[in-house]
Amino acid sequence: MLRFIPILTIVMMIGPVSAGLIGTLLPAFGILPALGGTSPSLDPWAALFAQPGLDQSIVLSLVNGLAATLISVVIVLLFCAAWQGTPVFRLMQRLLSPILSVPHATAAFGLAFLIAPSGWIARVIAQFAGWDRPVDIAIIQDPLGLAMVAGLVTKEIPFLFLMTLAALPQAETERTAQITATLGYGKITGWFKASLPRIYPQIRLPILAVLAYSTSVVDVAIILGPTTPAPLAVRILGWLSDPDLAYRFMASSAAVLQLLIVIAAMGIWMLGEKVLGITGRHWAEDGHRFKRDGGLRRTSAVLAVIAAGAVILGLVILLVWSIAGFWAFPDLLPRHFSFRLWVREFDMIGASLWTTLLIGVPAVLTAVALVLGCLENEVRIGHGPGRRAIWLIYVPLLVPQISFMFGLQVFFTLIGMERTLFAVVLAHLVFVLPYVFLSLSDPFRALDPRYGQTALCLGASPTRVFWQVRLPLLTRTVLTAMAVGMAVTVGQYLPTLLIGAGRFATVTTEAVALASGGDRRMIGIYGLLQMVLPFAGFACALLIPAILFRHRRGMSAQSKG
Amino acid sequence: MPTKGKTGLELRDVRIALDGRELVAVNLTIAPGEVVTLMGPSGSGKSSLLGHICGTLPAQFDISGQVLLDGVALDGLAPQDRHVGILFQDDLLFPHLSVGGNLAFALPSGVKGKANRREQVEQALISAGMDGFYNRDPATLSGGQRARVALMRVLLSEPCVLLLDEPFSKLDSELRGQIRSFVFDLARKNGLPTLMVTHDPEDGVAAGGRLIELS
Amino acid sequence: MRSKMRAFVSALTLATGIATASISGPAFADPAPDVGNWQSVLEQARGQTVYWHAWGGEPRINDYIAWAGEQVFERYGVKVVQVKLTDTADAVTKVLTEKTAGVDDGGAVDMIWINGENFAAMKRNELLFGPWAEDTPNFDYVDVAGKPTVVNDFTVPTNGLEAPWGMAQVSFYYDTAKHDDMPKSAQELLEWLVKNPGRFTYPQPPNYMGSTFLKQILTELVKDPKVLQQPADEANAKEVLAPLWGYLEDLQPLLWRGGQAYPQNGASMRTLLADNEVDIAFSFSSGEVSSAIEAYELPDTVRSYVFDTGTLGNTNFVAIPYNASAKAGAVVLADFLMSPEAQLRKQDPQYWGADTVLAMDKLPSDMRDAFANLDLGIASLSPAERGTVLPEPHPSWMELVELEWQKKYGVVQ
């Protein structure tokens, strides 16, 4: 039974994505019978390449996606190198959960409310500069997309930080750091020369997932990105919702193009890895120690604090907006406050939170069960041939959502399953499971195998070893993976709306619908509400093991390892 | 534990190879109550041999020969059905269970009754000189206490053979002597054929049994 | 403990209920209701659930829809669920997906809040059920003679495929505490912007409100407005549109952000006014401005006005997809939305503040009085203040304009 779980899991990931891609590929080449497209043609491509500014959209997607990923990775690695094992590092670890619970769109709104010409920072400056109207410069929606990159970076840093944290203990970085220090290396250089080569393979997949996401992002790009022209994914969404249904053909070929852009971005990244790998090896052996790295260390801390601070301050401003009366520029605070909207939304809140759980809990539990099944199978059969195929689980993370979501909808409708809770959960699972796998696989594989061997030799059956030894030892990891999964399912807008045919009003479908009304108070309320469930999840992941194992000091060391 | 009808552990021309390279080849019989020491440099496949006897060696190793325990072939049996007890250099006490919980984990399910099981565990603690430690967090024990609990845990699982994988290498020299005699005395008392791998010659001397050098 | 148990049981029932209801939903085909026989429609509708796909960005409108749903449930036993959308096109996509997958019965969408290009596209691709709208009892009150757009959606004849439920007309608004004497025509707007550069913008086409602004300018500047009522003709398009492009050439550099960035939609343009980034904004309903003041989104000194030359007006409709699961229920709901009672509440800015589609002279006198006595809200325009209503151009003109705009201004070099 257990041995079939990896193949079942892979089918559940690959199946919907492939079905969705077929549903996108066919119209991209002119086939969509419902709109009269019955014979193959290249017209959609011709129409696409005739779109004004297409080249700029492509460059924006590609360059900004790569830039956002590179900046996030560099900041995370620099920060880990410079501050691992210090109080600053532990402070960041503590800030991690709340920041991870913030959906991308909420963080982007928070950032916009902070840095826009009418934003809070400008209001502070206005007090001294005496401005009575915002400066007319494009700080957000700037033509180069810098604000969008900033928005992506603030949200990707915590995710990559979480993934790196999981990889650190396996690479024994603390001990390595002691050794490099005694050899006279500066903290950062020692870390980059000795620890990074061991850590990088473990965080490579999360980095590629971030790259795929950043290259095809929609929500953050709509809020912070340029519009003349917009990055490709945003334009695809526009074409898909054009009243002229003939645009669907072109939108499909654009979705295929988007997939190619993501593949190109990954190619470029891997090429960079190769080059850096070779030059890095020479660098590691050249003996330079760079002992005076205080400036760089402080810079990395400042960057990390700015990134975390932007999200947190953005949230505070969202909170203020949610209770604001009329709030004119350049007032630092609203003239009066009102809880009226919170009170009005209160009735809706319960129902939409409940629906969110109705979808999220089964999706997360199924994901965790399947992932544990795959990993446990790995332990039992050793390094079998299935191990190599398991990366297929990550396909949904690497293929842009917009490239297969609409095909997926057709697929579910074809098999008569759309609108069912089952189908919505299944669709969520496609996005939740890879993240759960990402969070769980390293710690699971890193667990000392001798615990299991000892238990087996003590006469415990493999099943008992799993339930009574491995699972309890991984309590905190499993709960964290569940919280990550919960954050992912709560964030799903398109799959919930499209596959659920509007039958499932979750916190996010409500939030996105109300955000289209543009009232910043509603954006504030639902942005914060979207955080509630993931935050509760992360809080449980910290509290439950702490309570369960309050008399087991070894467990806190264990969950770090 | 009775030794009647037991012939001990027999390794009949056991060879372990990885990627075509032979790691270890032994032909050896260990009588009940006998302690045999395998010496060899690291990488000589000592631990792989123990893993093979336990049945936890990953599939990519090539293995020939037979492992017999009291005349019964172990090859093909699941680890949990072999009655092979093993101690590593780390005590590997389960950090999520109490000291008593660790011991009770090892106690066979055939021992019925909550009170009865508790009693057996308490007895084991008394014989390890750790009366009253049932509810203690293993993380709060001293190194010597942990080693003793680890051994008691193996013995409670009623093994028919005891394997020791450099069990004393992490203990400081003062403790090492104590724990060595504690382990060997109990192994003999229980009539367990015992196979120890180590690279510390003193271990072999203290064991007082045959000493085999691997190349 | 017991209450926890009960909550759990009801949760479980709800969960299985949702699962089974949705599984069994598509299985039953809904026969087309015979709208001529109203009694049979009511009978068929009873017990149905109508999934009404409607824009969900305005809590007041959501509340109004919820109220209408309660009324229809109490009176006719029809349950209404609003599926809150960010964009009408999502519902169109849904229907299209179902047609692609061969789901010609038991579709997910029972009713769509729709007009203009979306309606034209659905009509053209035969994705709508009907005709039905003009056979409903309350359609008799609709002001077909006085408001020709109730049967001509952006010049496209509705043919009874959709029912009108609200009027919309462009009005501009500004903060009276900061300015007076605002521009009252396209030409004045340009002159005003020369003096106040960067203090005006419009949402980026093809956003609905952005395109509306372009249409407003086009309608004002075109030599012969009648030509816009006909489908666009390649032959004369260049000449017809020339005044618009000439105007934009002057206007674009004077816009907020120099025309390098645009608000996404009407709502974000409203935010710009609130933040004092721009001085003039516009909306399709002056009642919406009153609502925004009430919701603290705008200062209470904001007022609406219209151009002397008139502003564009159109009608909001509801339509039923060809494969809807609850057609009779949707017809009953649509009929209720056109009732004097529902229309009165809709026009009341306390609830929504959108104009009625009904003819006052067709109404019973008590209802007529009720309409006359409505307090329309501080920033709302009374029918007398609204001036001339200009008709919407044919959708094909808009397609041309949007395409050309994207080429000229959608890509900043």
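How many residues has the largest nonpolar core, and which of them have the most contacts inside it?

1. Basis. This is a predicted model, in which local features need pLDDT of at least 70 and side-chain atom pairs count only at pLDDT 80 or more, while totals for chains, interfaces and linings use all residues. Residues are numbered from 1 along each chain as its sequence is written, and chains are lettered from A and ligands numbered from 1 in the order in which they are written.

2. Core. The largest nonpolar core has 355 residues, and those with the most contacts inside it are Val371(A), Leu433(A), Val436(A), Val318(C) and Leu333(C). Such a core is a set of buried Ala, Val, Leu, Ile, Met, Phe, Trp, Tyr and Cys residues joined through C-beta atoms within 7 Å; buried requires 20 or more other C-beta atoms within 10 Å of the residue's own, with C-beta atoms placed from the backbone. Helix H18 (residues 421-446) of chain A provides the largest share of this core, 17 residues. Helices (H or I, at least four residues) and strands (E, at least two) are DSSP runs, numbered from the N terminus.

3. Leu433(A). Apart from neighbours within four places in sequence, Leu433(A) is in contact with Thr9(A), Met13(A), Ala367(A), Leu370(A), Val371(A) and Ile393(A). Contact means that the C-beta atoms, placed from the backbone, lie within 7 Å.

4. Chains A and C. Here 60 residues of chain C meet 57 residues of chain A. On the side of chain C, the elements giving two or more residues include helix H1 (2-24), strand S1 (49-55) and helix H4 (88-100). H4(C) gives the most, nine residues. By class, that side has 25 nonpolar, 20 polar and 15 charged residues. Ala, Val, Leu, Ile, Met, Phe, Trp, Tyr, Cys and Pro count as nonpolar, Asp, Glu, Lys and Arg as charged, and the others, Gly among them, as polar.

5. Chains A and B. This contact takes 25 residues from chain B and 24 residues from chain A. Strand S6 (84-87), helix H2 (99-106) and helix H4 (143-156) of chain B each supply at least two residues of the chain B side. The largest share, three residues, comes from S6(B). The chain B side divides into 16 nonpolar, seven polar and two charged residues.

6. A helix pair in chain C. Helix H6 (residues 186-195) and helix H8 (residues 234-251) of chain C pack at an angle of about 20 degrees, with their axes 10 Å apart. H6(C) and H8(C) are therefore roughly parallel to each other (angles under 35 degrees). Ala186(C), Leu190(C) and Leu193(C) in H6(C) meet Tyr247(C), Asp250(C) and Leu251(C) in H8(C).

Technical notes
Contact = placed C-beta atoms within 7 Å. Axes fitted to C-alpha atoms, helices over the stretch in contact; angles between N-to-C directions. Parallel < 35°, antiparallel > 145°, perpendicular 65-115°, else oblique. Buried ≥ 20, exposed ≤ 12 C-beta atoms within 10 Å, placed from the backbone.
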